[in-house]
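This briefing goes through a protein structure by topic, for a reader who is new to the subject. Please look at the sequence and the structure first, then read the points below.

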Amino acid sequence: MGYWSLSQEERGRRLIEAAKQGAAEQVRELLAAGADVGARDGGWFRGTWTALHLAAERGHVAAASCLVGAGAEVDARSSSWQQTPLHWAARCGHAGVVRLLVGASADPNARDWWGRTPLHRAAVWGHAEAAAELLLAGADRGARDEDGRTPLDLARNNGKQQLVDMLTHR
């Protein structure tokens, strides 16, 4: 299909959908046809997300790689919670996407609305492999959120023993 015949708004909408589905070839074709790599969805729950947020949340490494290669802003913030794609890759345990994003210079210590870093998010949910990637990238294990809690505190509070062990041993 010729994506050039579509409006810019429709190309952006389709890019968002392709990123959600992990359809890397469609992402590539839409970007080649001039889709805005920074297009945002209109989600009410989390605010607006970029296509990269959506690919990161769902663990679609190939689609995320296409977006990063096309110049997607790796530290873009969601409009409501101020979370980056790396926050969502870490929260959902997608270590491959975490690796891709930190390799593209995403900030491993970015703070969201609550002062939490991606490592806080990985710790809450017990995602050890994602946490390990963040630590390798220089994530601050002593970072405190707005309530003064470190990733270790959150791992303990949520019974994530593997993360407790990882964050306790330097």
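In α7, the buried residues are Pro-118, Leu-119, His-120, Arg-121, Ala-122, Ala-123 and Val-124. Buried means under 20% relative accessible area, exposed means over 50%, and partly exposed lies in between (1.4 Å probe, protein chains only). Helices (H or I, at least four residues) and strands (E, at least two) are DSSP runs, numbered from the N terminus. The model is predicted: local features need pLDDT of at least 70, side-chain atom pairs count only at pLDDT 80 or more, and totals for chains, interfaces and linings use all residues. Residues are numbered from 1 along each chain as its sequence is written, and side-chain values use heavy atoms, with hydrogens and water left out.

**Helix α7 and its surroundings**

- Seven of the eight residues of α7 are buried, so this helix is largely enclosed by the rest of the structure.
- The buried residues of α7 pack against α5 (85-91), α8 (128-136), α9 (151-157) and α10 (161-168), where contact means heavy atoms within 4.5 Å.

**Two loop residues**

- Arg-116 sits in the loop between α6 (95-103) and α7 (118-125).
- Arg-116 counts as buried because its relative accessibility is 13%.
- Leaving aside residues up to four places away in sequence, Arg-116 touches His-87, Ala-110, Arg-111, Arg-121, Val-124, Asp-145, Arg-149 and Leu-154.
- Ala-76 is found in the loop between α4 (61-69) and α5, and at 2% relative accessibility Ala-76 is buried.
- Ala-76 and Trp-49 are 27 residues apart in sequence, and their C-alpha atoms are 8.4 Å apart in space.
- With residues up to four places away in sequence not counted, the contacts of Ala-76 are Arg-40, Thr-50, His-53, Gln-83, Thr-84 and Pro-85.

**Salt bridges**

- Side chains of opposite charge can pair when their charged atoms come close.
- A salt bridge is a side-chain nitrogen of Lys or Arg within 4 Å of a carboxyl oxygen of Asp or Glu, and by this rule the count is eleven.
- Glu-57 and Arg-58 form one of them, with the closest N and O atoms 2.6 Å apart.
- Glu-57 is buried at 13% relative accessibility, whereas Arg-58 is partly exposed at 35%.
- Arg-99 and Glu-133 form a salt bridge through their side chains (2.9 Å, N to O).
- Because Arg-99 lies in helix α6 and Glu-133 in helix α8, this pair ties together parts that are 34 residues apart in sequence.
- Arg-149 and Asp-147 form a salt bridge in which the closest N and O atoms are 3.0 Å apart.

**Packing of α8 and α10**

- The axes of α8 and α10 come within 10 Å and cross at roughly 20 degrees; axes are lines fitted to C-alpha atoms, for helices over the stretch in contact, and angles run from 0 to 180 degrees between N-to-C directions.
- That makes α8 roughly parallel to α10, as angles under 35 degrees count as roughly parallel, over 145 as roughly antiparallel, 65 to 115 as roughly perpendicular and the rest as oblique.
- On the α8 side the contact is made by Ala-128, Ala-131, Ala-132 and Leu-135, and on the α10 side by Gln-162, Leu-163, Met-166 and Leu-167.
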